[in-house]
Protein chains: 2
Amino acid sequence: MSKEELKRVSDTKTAKLVKKGETIFGEGEKLNGVYCVRDGVSKLSKLSPNGKDQIVKLATKGALLGQRSVITEEVANLSAIAVNDMQVCFVPKDAIIDSLNNNPNFAVEVLRHIAHDLKEADDVIVNMSQKTVRQRIAEAFIYLEENFGTDRNGYLALTLSREDIANVVGTATESAIRIISNFKKLGLIKTNGKKVAIADRKALYDVVKGC
Amino acid sequence: MSKEELKRVSDTKTAKLVKKGETIFGEGEKLNGVYCVRDGVSKLSKLSPNGKDQIVKLATKGALLGQRSVITEEVANLSAIAVNDMQVCFVPKDAIIDSLNNNPNFAVEVLRHIAHDLKEADDVIVNMSQKTVRQRIAEAFIYLEENFGTDRNGYLALTLSREDIANVVGTATESAIRIISNFKKLGLIKTNGKKVAIADRKALYDVVKGC
DNA sequence: TTAAAAACATGATAATTGTCAGTTTTCCCT
DNA sequence: AGGGAAAACTGACAATTATCATGTTTTTAA
(Lines give C-alpha, C1' and ligand atoms only; values in the text may rest on other atoms or scores of the structure.)
Protein backbone atom coordinates (compact mmCIF):
# COMPACT_ATOMS: atom_id res chain seq x y z
CA MET A 1 0.00 0.00 0.00
CA SER A 2 1.47 3.34 -0.97
CA LYS A 3 0.88 6.54 0.87
CA GLU A 4 -1.73 7.40 -1.73
CA GLU A 5 -3.46 4.09 -1.24
CA LEU A 6 -3.38 4.58 2.49
CA LYS A 7 -4.94 7.95 2.01
CA ARG A 8 -7.59 6.41 -0.22
CA VAL A 9 -8.31 3.73 2.37
CA SER A 10 -8.64 6.29 5.09
CA ASP A 11 -10.81 8.43 2.88
CA THR A 12 -13.32 5.64 2.49
CA LYS A 13 -13.66 5.37 6.23
CA THR A 14 -16.35 7.34 7.89
CA ALA A 15 -14.66 9.80 10.14
CA LYS A 16 -15.51 9.63 13.81
CA LEU A 17 -16.46 12.79 15.63
CA VAL A 18 -14.36 13.57 18.68
CA LYS A 19 -15.67 16.37 20.83
CA LYS A 20 -13.54 19.07 22.36
CA GLY A 21 -11.87 17.78 25.49
CA GLU A 22 -12.35 14.12 24.66
CA THR A 23 -9.43 11.76 24.77
CA ILE A 24 -8.49 9.89 21.59
CA PHE A 25 -5.99 7.76 23.40
CA GLY A 26 -4.08 8.02 26.64
CA GLU A 27 -0.49 7.68 27.60
CA GLY A 28 0.36 4.03 28.26
CA GLU A 29 -2.51 2.76 26.17
CA LYS A 30 -1.92 -0.02 23.70
CA LEU A 31 -2.81 1.22 20.24
CA ASN A 32 -4.14 -1.08 17.59
CA GLY A 33 -4.03 1.51 14.88
CA VAL A 34 -3.35 5.05 13.90
CA TYR A 35 -5.76 7.98 13.96
CA CYS A 36 -5.76 10.27 10.98
CA VAL A 37 -6.88 13.81 11.68
CA ARG A 38 -9.47 14.97 9.15
CA ASP A 39 -10.44 18.13 10.92
CA GLY A 40 -9.80 19.92 14.18
CA VAL A 41 -6.74 19.98 16.39
CA SER A 42 -5.40 17.56 18.95
CA LYS A 43 -2.88 18.20 21.69
CA LEU A 44 -0.28 15.51 22.31
CA SER A 45 0.76 15.71 25.90
CA LYS A 46 2.49 13.84 28.64
CA LEU A 47 1.89 13.96 32.35
CA SER A 48 5.09 14.77 34.17
CA PRO A 49 5.74 13.30 37.62
CA ASN A 50 4.95 16.65 39.24
CA GLY A 51 1.38 16.34 38.07
CA LYS A 52 1.52 18.86 35.25
CA ASP A 53 0.76 18.16 31.64
CA GLN A 54 3.33 19.09 29.06
CA ILE A 55 1.95 19.59 25.57
CA VAL A 56 4.63 18.24 23.25
CA LYS A 57 2.93 19.13 20.01
CA LEU A 58 -0.28 20.13 18.33
CA ALA A 59 -1.56 17.98 15.49
CA THR A 60 -3.87 19.23 12.79
CA LYS A 61 -5.47 18.08 9.56
CA GLY A 62 -3.42 15.40 7.84
CA ALA A 63 -1.47 14.36 10.93
CA LEU A 64 -1.33 10.75 12.03
CA LEU A 65 -1.72 10.20 15.75
CA GLY A 66 -0.07 7.20 17.32
CA GLN A 67 2.07 6.51 14.28
CA ARG A 68 5.30 6.36 16.26
CA SER A 69 3.96 3.96 18.85
CA VAL A 70 2.57 1.62 16.22
CA ILE A 71 5.92 1.53 14.42
CA THR A 72 7.91 0.66 17.50
CA GLU A 73 5.11 -1.56 18.75
CA GLU A 74 5.18 0.17 22.08
CA VAL A 75 2.47 1.55 24.24
CA ALA A 76 1.53 5.20 23.57
CA ASN A 77 4.05 7.64 24.97
CA LEU A 78 1.71 10.61 24.79
CA SER A 79 -1.98 11.29 25.27
CA ALA A 80 -4.02 12.70 22.41
CA ILE A 81 -6.84 15.01 23.45
CA ALA A 82 -9.09 17.10 21.21
CA VAL A 83 -8.53 20.84 21.57
CA ASN A 84 -11.68 21.53 19.58
CA ASP A 85 -14.24 19.34 17.86
CA MET A 86 -12.44 16.94 15.57
CA GLN A 87 -13.03 14.42 12.87
CA VAL A 88 -10.65 11.49 12.90
CA CYS A 89 -10.56 8.20 11.12
CA PHE A 90 -8.91 5.03 12.21
CA VAL A 91 -6.42 2.97 10.21
CA PRO A 92 -5.75 -0.43 11.78
CA LYS A 93 -2.26 -1.39 12.79
CA ASP A 94 -2.09 -4.38 10.46
CA ALA A 95 -2.59 -2.24 7.39
CA ILE A 96 0.29 -0.04 8.45
CA ILE A 97 2.66 -2.86 9.34
CA ASP A 98 1.86 -4.68 6.09
CA SER A 99 2.61 -1.62 4.03
CA LEU A 100 5.81 -0.96 5.88
CA ASN A 101 7.08 -4.44 5.19
CA ASN A 102 5.94 -4.74 1.62
CA ASN A 103 6.20 -1.29 0.15
CA PRO A 104 9.60 0.35 0.33
CA ASN A 105 8.22 3.67 -0.85
CA PHE A 106 5.76 3.79 1.98
CA ALA A 107 8.43 3.01 4.55
CA VAL A 108 10.70 5.71 3.19
CA GLU A 109 7.89 8.25 3.14
CA VAL A 110 7.03 7.52 6.74
CA LEU A 111 10.71 7.61 7.60
CA ARG A 112 11.15 11.05 6.13
CA HIS A 113 8.12 12.24 7.98
CA ILE A 114 9.29 10.93 11.33
CA ALA A 115 12.79 12.25 10.67
CA HIS A 116 11.27 15.67 10.19
CA ASP A 117 9.34 15.33 13.44
CA LEU A 118 12.58 14.44 15.17
CA LYS A 119 14.25 17.58 13.92
CA GLU A 120 11.37 19.63 15.22
CA ALA A 121 11.55 17.89 18.57
CA ASP A 122 15.26 18.66 18.82
CA ASP A 123 14.51 22.30 18.13
CA VAL A 124 11.86 22.32 20.83
CA ILE A 125 14.40 20.94 23.29
CA VAL A 126 16.73 23.83 22.52
CA ASN A 127 13.93 26.38 22.83
CA MET A 128 12.68 24.96 26.10
CA SER A 129 16.04 24.96 27.71
CA GLN A 130 17.52 28.17 26.38
CA LYS A 131 14.65 30.61 26.19
CA THR A 132 12.78 32.36 28.97
CA VAL A 133 9.10 31.75 29.55
CA ARG A 134 8.40 35.18 28.13
CA GLN A 135 10.25 34.37 24.92
CA ARG A 136 8.52 31.02 24.62
CA ILE A 137 5.07 32.55 24.96
CA ALA A 138 5.83 35.15 22.29
CA GLU A 139 7.09 32.35 20.07
CA ALA A 140 3.98 30.29 20.76
CA PHE A 141 1.71 33.04 19.41
CA ILE A 142 3.82 33.34 16.28
CA TYR A 143 3.76 29.58 15.90
CA LEU A 144 -0.01 29.49 16.27
CA GLU A 145 -0.44 32.16 13.64
CA GLU A 146 1.93 30.53 11.18
CA ASN A 147 0.50 27.05 11.57
CA PHE A 148 -3.20 27.61 12.13
CA GLY A 149 -3.74 31.01 10.61
CA THR A 150 -6.19 33.70 11.60
CA ASP A 151 -9.90 34.32 11.21
CA ARG A 152 -11.25 37.23 9.19
CA ASN A 153 -10.78 39.59 12.10
CA GLY A 154 -7.15 38.72 12.56
CA TYR A 155 -7.62 36.57 15.64
CA LEU A 156 -5.70 33.31 15.85
CA ALA A 157 -7.80 30.60 14.31
CA LEU A 158 -6.81 28.20 17.06
CA THR A 159 -7.93 29.39 20.46
CA LEU A 160 -6.18 27.77 23.37
CA SER A 161 -7.02 28.20 27.03
CA ARG A 162 -4.45 30.01 29.14
CA GLU A 163 -3.77 26.70 30.82
CA ASP A 164 -3.04 25.02 27.50
CA ILE A 165 -0.70 27.84 26.51
CA ALA A 166 1.08 27.39 29.84
CA ASN A 167 1.34 23.67 29.15
CA VAL A 168 2.77 24.26 25.70
CA VAL A 169 5.55 26.50 26.96
CA GLY A 170 6.02 24.60 30.20
CA THR A 171 5.18 27.12 32.86
CA ALA A 172 2.61 27.78 35.57
CA THR A 173 -0.79 28.95 34.36
CA GLU A 174 -0.51 32.14 36.44
CA SER A 175 2.82 32.99 34.89
CA ALA A 176 1.40 32.55 31.41
CA ILE A 177 -1.59 34.74 32.25
CA ARG A 178 0.63 37.46 33.63
CA ILE A 179 2.86 37.52 30.59
CA ILE A 180 -0.10 37.50 28.22
CA SER A 181 -1.63 40.44 30.11
CA ASN A 182 1.66 42.22 29.84
CA PHE A 183 1.86 41.61 26.08
CA LYS A 184 -1.58 43.10 25.82
CA LYS A 185 -0.63 46.11 27.89
CA LEU A 186 2.42 46.67 25.67
CA GLY A 187 0.26 46.44 22.56
CA LEU A 188 1.95 43.35 21.18
CA ILE A 189 -1.33 41.48 21.05
CA LYS A 190 -4.99 42.23 21.46
CA THR A 191 -7.54 39.94 22.98
CA ASN A 192 -11.25 39.39 22.78
CA GLY A 193 -12.30 36.97 25.46
CA LYS A 194 -9.84 34.15 25.09
CA LYS A 195 -9.20 34.94 21.46
CA VAL A 196 -5.83 36.49 20.74
CA ALA A 197 -4.63 38.51 17.78
CA ILE A 198 -1.07 39.55 17.06
CA ALA A 199 -1.02 43.33 16.99
CA ASP A 200 2.67 44.10 16.59
CA ARG A 201 4.44 41.23 14.90
CA LYS A 202 7.81 42.91 14.81
CA ALA A 203 7.81 43.71 18.51
CA LEU A 204 6.77 40.15 19.26
CA TYR A 205 9.72 38.86 17.23
CA ASP A 206 11.95 41.17 19.24
CA VAL A 207 10.69 39.56 22.43
CA VAL A 208 11.52 36.12 21.02
CA LYS A 209 15.00 37.29 20.14
CA GLY A 210 15.38 38.72 23.61
CA CYS A 211 15.57 42.40 22.76
CA MET B 1 21.94 -3.43 1.36
CA SER B 2 20.64 -4.76 4.66
CA LYS B 3 21.63 -3.42 8.02
CA GLU B 4 24.05 -6.29 8.31
CA GLU B 5 25.55 -5.47 4.96
CA LEU B 6 25.83 -1.87 5.95
CA LYS B 7 27.58 -2.93 9.09
CA ARG B 8 29.92 -5.11 7.02
CA VAL B 9 30.67 -2.24 4.67
CA SER B 10 31.39 0.07 7.52
CA ASP B 11 33.53 -2.59 9.18
CA THR B 12 35.79 -2.77 6.16
CA LYS B 13 36.40 0.94 6.35
CA THR B 14 39.36 2.13 8.29
CA ALA B 15 38.03 4.15 11.14
CA LYS B 16 39.19 7.72 11.36
CA LEU B 17 40.50 9.03 14.65
CA VAL B 18 38.73 12.11 15.96
CA LYS B 19 40.42 13.76 18.89
CA LYS B 20 38.64 15.09 21.92
CA GLY B 21 37.15 18.48 21.16
CA GLU B 22 37.31 18.10 17.40
CA THR B 23 34.23 18.75 15.30
CA ILE B 24 32.89 15.91 13.16
CA PHE B 25 30.40 18.17 11.48
CA GLY B 26 28.82 21.48 12.29
CA GLU B 27 25.28 22.76 12.35
CA GLY B 28 24.25 23.95 8.90
CA GLU B 29 26.83 21.83 7.15
CA LYS B 30 25.83 19.77 4.14
CA LEU B 31 26.52 16.14 4.89
CA ASN B 32 27.46 13.74 2.18
CA GLY B 33 27.28 10.74 4.41
CA VAL B 34 26.79 9.35 7.84
CA TYR B 35 29.39 8.84 10.56
CA CYS B 36 29.29 5.60 12.44
CA VAL B 37 30.71 5.74 15.95
CA ARG B 38 33.15 2.90 16.58
CA ASP B 39 34.49 4.15 19.86
CA GLY B 40 34.26 7.19 22.08
CA VAL B 41 31.42 9.61 22.65
CA SER B 42 30.12 12.55 20.66
CA LYS B 43 27.91 15.37 21.84
CA LEU B 44 25.19 16.53 19.46
CA SER B 45 24.47 20.14 20.18
CA LYS B 46 22.85 23.22 18.81
CA LEU B 47 23.76 26.82 19.32
CA SER B 48 20.80 28.77 20.60
CA PRO B 49 20.32 32.41 19.61
CA ASN B 50 21.50 33.55 23.05
CA GLY B 51 24.91 32.13 22.30
CA LYS B 52 24.73 29.04 24.47
CA ASP B 53 25.14 25.51 23.29
CA GLN B 54 22.43 23.03 24.11
CA ILE B 55 23.54 19.42 24.07
CA VAL B 56 20.60 17.50 22.69
CA LYS B 57 22.06 14.03 23.03
CA LEU B 58 25.18 12.00 23.56
CA ALA B 59 26.06 9.37 20.98
CA THR B 60 28.19 6.38 21.70
CA LYS B 61 29.43 3.20 20.03
CA GLY B 62 27.05 2.01 17.32
CA ALA B 63 25.32 5.34 16.84
CA LEU B 64 25.02 6.91 13.42
CA LEU B 65 25.69 10.62 13.31
CA GLY B 66 23.97 12.69 10.66
CA GLN B 67 21.53 9.95 9.78
CA ARG B 68 18.49 12.16 10.15
CA SER B 69 19.85 14.93 7.97
CA VAL B 70 20.85 12.52 5.22
CA ILE B 71 17.37 11.03 5.20
CA THR B 72 15.57 14.33 4.88
CA GLU B 73 18.32 15.65 2.59
CA GLU B 74 18.63 18.72 4.72
CA VAL B 75 21.62 20.46 6.12
CA ALA B 76 22.75 19.25 9.56
CA ASN B 77 20.55 20.49 12.36
CA LEU B 78 23.07 19.75 15.10
CA SER B 79 26.83 19.86 15.51
CA ALA B 80 28.72 16.70 16.39
CA ILE B 81 31.77 17.23 18.57
CA ALA B 82 33.96 14.57 20.18
CA VAL B 83 33.69 14.47 23.97
CA ASN B 84 36.71 12.18 24.16
CA ASP B 85 38.95 10.55 21.58
CA MET B 86 36.79 8.74 19.07
CA GLN B 87 36.97 6.36 16.19
CA VAL B 88 34.40 6.95 13.51
CA CYS B 89 33.93 5.63 10.02
CA PHE B 90 32.17 7.24 7.17
CA VAL B 91 29.37 5.74 5.07
CA PRO B 92 28.61 7.78 1.97
CA LYS B 93 25.15 9.17 1.43
CA ASP B 94 24.56 7.28 -1.82
CA ALA B 95 24.97 3.92 -0.13
CA ILE B 96 22.35 4.92 2.43
CA ILE B 97 19.87 6.33 -0.06
CA ASP B 98 20.25 3.30 -2.32
CA SER B 99 19.56 0.93 0.52
CA LEU B 100 16.59 2.93 1.68
CA ASN B 101 15.01 2.79 -1.74
CA ASN B 102 15.82 -0.79 -2.57
CA ASN B 103 15.71 -2.66 0.66
CA PRO B 104 12.45 -2.45 2.59
CA ASN B 105 13.95 -4.15 5.62
CA PHE B 106 16.65 -1.57 5.88
CA ALA B 107 14.17 1.29 5.66
CA VAL B 108 12.00 -0.25 8.36
CA GLU B 109 14.96 -0.83 10.62
CA VAL B 110 16.06 2.76 10.28
CA LEU B 111 12.49 3.87 10.77
CA ARG B 112 12.18 1.99 14.03
CA HIS B 113 15.42 3.46 15.19
CA ILE B 114 14.43 7.02 14.40
CA ALA B 115 11.00 6.45 15.93
CA HIS B 116 12.72 5.44 19.12
CA ASP B 117 14.90 8.55 19.02
CA LEU B 118 11.73 10.61 18.62
CA LYS B 119 10.21 9.10 21.72
CA GLU B 120 13.34 9.91 23.67
CA ALA B 121 13.31 13.46 22.35
CA ASP B 122 9.69 13.88 23.47
CA ASP B 123 10.65 12.69 26.92
CA VAL B 124 13.51 15.15 27.04
CA ILE B 125 11.08 17.95 26.18
CA VAL B 126 8.92 16.99 29.16
CA ASN B 127 11.92 16.79 31.48
CA MET B 128 13.32 20.09 30.36
CA SER B 129 10.11 21.94 30.83
CA GLN B 130 8.77 20.33 33.98
CA LYS B 131 11.80 19.63 36.13
CA THR B 132 14.02 22.00 38.02
CA VAL B 133 17.69 22.37 37.18
CA ARG B 134 18.50 20.48 40.34
CA GLN B 135 16.31 17.57 39.31
CA ARG B 136 17.77 17.54 35.83
CA ILE B 137 21.33 17.41 37.09
CA ALA B 138 20.53 14.51 39.41
CA GLU B 139 18.88 12.77 36.49
CA ALA B 140 21.88 13.45 34.27
CA PHE B 141 24.19 11.61 36.64
CA ILE B 142 21.86 8.63 36.75
CA TYR B 143 21.62 8.72 32.96
CA LEU B 144 25.38 8.80 32.61
CA GLU B 145 25.78 5.83 34.92
CA GLU B 146 23.09 3.79 33.20
CA ASN B 147 24.30 4.50 29.69
CA PHE B 148 28.05 4.70 29.99
CA GLY B 149 28.71 2.71 33.14
CA THR B 150 31.42 3.16 35.73
CA ASP B 151 35.11 2.41 35.99
CA ARG B 152 36.45 -0.08 38.53
CA ASN B 153 36.42 2.55 41.24
CA GLY B 154 32.80 3.40 40.70
CA TYR B 155 33.39 6.69 38.91
CA LEU B 156 31.26 7.46 35.88
CA ALA B 157 33.02 6.11 32.82
CA LEU B 158 32.10 9.22 30.86
CA THR B 159 33.60 12.33 32.34
CA LEU B 160 32.01 15.57 31.22
CA SER B 161 33.21 19.04 32.00
CA ARG B 162 30.99 21.14 34.24
CA GLU B 163 30.21 23.25 31.24
CA ASP B 164 29.07 20.22 29.25
CA ILE B 165 26.87 19.09 32.13
CA ALA B 166 25.36 22.56 32.22
CA ASN B 167 24.77 22.38 28.48
CA VAL B 168 23.09 19.00 28.78
CA VAL B 169 20.60 20.19 31.39
CA GLY B 170 20.26 23.65 29.91
CA THR B 171 21.52 25.89 32.66
CA ALA B 172 24.36 28.29 33.40
CA THR B 173 27.72 26.68 34.14
CA GLU B 174 27.89 28.37 37.53
CA SER B 175 24.48 27.02 38.50
CA ALA B 176 25.55 23.51 37.55
CA ILE B 177 28.76 23.83 39.56
CA ARG B 178 26.88 25.04 42.60
CA ILE B 179 24.38 22.21 42.50
CA ILE B 180 27.10 19.62 41.96
CA SER B 181 29.00 21.00 44.96
CA ASN B 182 25.83 20.78 46.96
CA PHE B 183 25.25 17.16 45.95
CA LYS B 184 28.76 16.42 47.09
CA LYS B 185 28.23 18.16 50.42
CA LEU B 186 25.05 16.15 50.95
CA GLY B 187 26.89 12.92 50.19
CA LEU B 188 24.86 12.08 47.07
CA ILE B 189 27.98 11.93 44.94
CA LYS B 190 31.71 11.96 45.44
CA THR B 191 34.20 13.54 43.12
CA ASN B 192 37.81 13.13 42.26
CA GLY B 193 38.95 15.97 40.08
CA LYS B 194 36.26 16.15 37.45
CA LYS B 195 35.34 12.52 37.86
CA VAL B 196 32.06 11.89 39.59
CA ALA B 197 30.74 8.81 41.35
CA ILE B 198 27.23 8.25 42.59
CA ALA B 199 27.45 7.72 46.33
CA ASP B 200 23.79 7.51 47.34
CA ARG B 201 21.69 6.33 44.44
CA LYS B 202 18.46 6.30 46.37
CA ALA B 203 18.84 9.85 47.60
CA LEU B 204 19.68 10.96 44.07
CA TYR B 205 16.48 9.35 42.81
CA ASP B 206 14.60 11.22 45.53
CA VAL B 207 16.02 14.47 44.19
CA VAL B 208 14.83 13.58 40.69
CA LYS B 209 11.37 12.82 42.03
CA GLY B 210 11.39 16.12 43.89
CA CYS B 211 11.40 14.84 47.46
C1' DT C 1 -32.10 30.74 33.60
C1' DT C 2 -29.42 30.10 37.11
C1' DA C 3 -26.24 27.68 40.19
C1' DA C 4 -21.92 25.45 40.05
C1' DA C 5 -17.71 24.85 37.96
C1' DA C 6 -14.05 26.27 35.32
C1' DA C 7 -11.20 29.73 33.59
C1' DC C 8 -9.15 34.15 34.12
C1' DA C 9 -6.89 37.54 36.73
C1' DT C 10 -3.95 39.89 40.26
C1' DG C 11 -1.22 40.65 44.54
C1' DA C 12 2.21 39.20 47.79
C1' DT C 13 5.88 36.44 48.64
C1' DA C 14 9.25 32.74 48.27
C1' DA C 15 12.17 29.92 45.62
C1' DT C 16 14.98 29.20 41.80
C1' DT C 17 18.17 30.48 38.54
C1' DG C 18 21.13 33.81 36.01
C1' DT C 19 24.77 37.22 35.82
C1' DC C 20 28.92 39.45 36.93
C1' DA C 21 33.13 39.73 39.07
C1' DG C 22 36.45 37.80 40.87
C1' DT C 23 40.00 33.69 42.88
C1' DT C 24 41.93 29.20 42.75
C1' DT C 25 42.95 24.97 40.59
C1' DT C 26 43.90 21.98 36.87
C1' DC C 27 45.41 20.95 32.45
C1' DC C 28 48.41 21.36 28.45
C1' DC C 29 52.00 22.48 25.65
C1' DT C 30 56.80 23.21 24.15
C1' DA D 1 59.15 21.57 34.53
C1' DG D 2 57.14 26.03 34.11
C1' DG D 3 54.09 29.35 32.12
C1' DG D 4 49.77 30.30 30.21
C1' DA D 5 45.16 29.12 29.28
C1' DA D 6 41.14 26.86 30.42
C1' DA D 7 38.24 25.05 33.82
C1' DA D 8 36.43 25.01 38.36
C1' DC D 9 34.78 27.43 42.04
C1' DT D 10 32.66 31.19 45.17
C1' DG D 11 30.11 35.34 46.60
C1' DA D 12 26.87 38.99 45.95
C1' DC D 13 23.17 40.40 43.73
C1' DA D 14 19.45 40.76 40.19
C1' DA D 15 16.01 38.74 37.43
C1' DT D 16 12.81 35.30 36.54
C1' DT D 17 9.42 32.17 37.78
C1' DA D 18 6.54 29.43 41.08
C1' DT D 19 3.32 29.27 44.66
C1' DC D 20 -0.50 30.52 47.42
C1' DA D 21 -4.40 33.15 48.33
C1' DT D 22 -8.27 35.32 46.71
C1' DG D 23 -11.54 37.74 43.78
C1' DT D 24 -13.80 38.14 39.26
C1' DT D 25 -15.60 36.65 34.96
C1' DT D 26 -17.06 33.22 31.75
C1' DT D 27 -18.79 28.73 30.59
C1' DT D 28 -21.38 24.79 31.29
C1' DA D 29 -25.03 21.94 32.33
C1' DA D 30 -29.31 20.72 34.83
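This is a predicted model: local features need pLDDT of at least 70, side-chain atom pairs count only at pLDDT 80 or more; totals for chains, interfaces and linings use all residues.
# Strands, helices and the chain interface

Phe25(A) stands opposite Ala80(A), a residue of strand β7(A). The strands concerned are β2(A) and β7(A), the latter covering residues 79–82, and they pair in the antiparallel sense over 2 bridges. Both belong to an open sheet of 4 strands in chain A, whose order is β2-β7-β4-β5 and whose pairing is antiparallel. Strand β2 (23–25) lies at one edge and strand β5 (53–59) is the other edge strand of chain A, each pairing on one side only. Within this sheet, neighbouring strands are turned against each other by 30° on average, with direction ignored. In general, the strands of a sheet pair through backbone hydrogen bonds, either in parallel or in antiparallel fashion.

A helix accompanies this sheet. Helix α6 of chain A, residues 162–169, lies across β4 (42–47) and β5 of the chain. Its course runs at about 95° to β5(A).

Helix α5 (residues 133–148) and helix α8 (residues 201–209) of chain A have axes that come within 8 Å and cross at roughly 135°. At that angle the two helices, α5(A) and α8(A), are therefore oblique to each other. The crossing in which α5(A) passes α8(A) is left-handed. On the side of α5(A), the contact is made by Arg134(A), Gln135(A), Ala138(A), Glu139(A), Phe141(A), Ile142(A), Glu145(A) and Glu146(A). On the side of α8(A), the contact involves Arg201(A), Leu204(A), Tyr205(A), Val207(A), Val208(A) and Lys209(A). By class, the residues of this contact between α5(A) and α8(A) comprise 7 nonpolar, 1 polar and 6 charged.

Helix α5(A) also packs against helix α7 (residues 173–185) of chain A, at an angle of about 65° and with the axes 10 Å apart. This angle makes α5(A) roughly perpendicular to α7(A). Here α5(A) passes α7(A) in a right-handed crossing. The residues of α5(A) that take part are Val133(A), Arg134(A), Ile137(A), Ala138(A) and Phe141(A), and they meet Ala176(A), Ile179(A), Ile180(A), Asn182(A) and Phe183(A) of α7(A). The contact of α5(A) with α7(A) contains 8 nonpolar residues, 1 polar residue and 1 charged residue.

The passage of α5(B) over α7(B) is a right-handed crossing. In this contact Val133(B), Arg134(B), Ile137(B), Ala138(B) and Phe141(B) of α5(B) meet Ala176(B), Ile179(B), Ile180(B), Asn182(B) and Phe183(B) of α7(B). These residues of α5(B) and α7(B) divide into 8 nonpolar, 1 polar and 1 charged.

An open sheet of chain B has 4 strands in the order β1-β8-β3-β6, with antiparallel pairing. Its edge strands are β1 (16–18) and β6 (64–65) of chain B, each of which pairs on one side only. Strand β3 of chain B, residues 33–39, pairs with β6(B) in the antiparallel sense over 2 bridges. Within that pairing, Cys36(B) stands opposite Leu64(B) in β6(B). Helix α3 (residues 93–102) of chain B packs on the sheet and touches β3 and β8 (86–92) of the chain. The direction of α3 makes about 60° with that of β8(B).

It remains to consider how the chains meet. The size of an interface is often expressed as the accessible area lost when the parts come together. Between chain A and chain B the buried area is about 3,800 Å², and carbon and sulfur atoms give 68% of it. Leu111(A), Ile125(A) and Gln130(A) supply 17% of the area that chain A buries against chain B, more than any other three residues. The contact takes 40 residues from chain A and 40 residues from chain B.

Notes. Residues are numbered from 1 along each chain as its sequence is written. Chains are lettered from A and ligands numbered from 1 in the order in which they are written. Side-chain values use heavy atoms; hydrogens and water are left out. Axes are lines fitted to C-alpha atoms, for helices over the stretch in contact, and angles run from 0 to 180 degrees between N-to-C directions. Angles under 35 degrees count as roughly parallel, over 145 as roughly antiparallel, 65 to 115 as roughly perpendicular and the rest as oblique. A crossing is left-handed if the near helix is turned anticlockwise from the far one by less than a right angle, and right-handed if clockwise. Contact means heavy atoms within 4.5 Å. Ala, Val, Leu, Ile, Met, Phe, Trp, Tyr, Cys and Pro count as nonpolar, Asp, Glu, Lys and Arg as charged, and the others, Gly among them, as polar. Two strands pair if DSSP finds at least two bridges between them. Buried area is the accessible area (1.4 Å probe) that two parts lose on being put together, summed over both.
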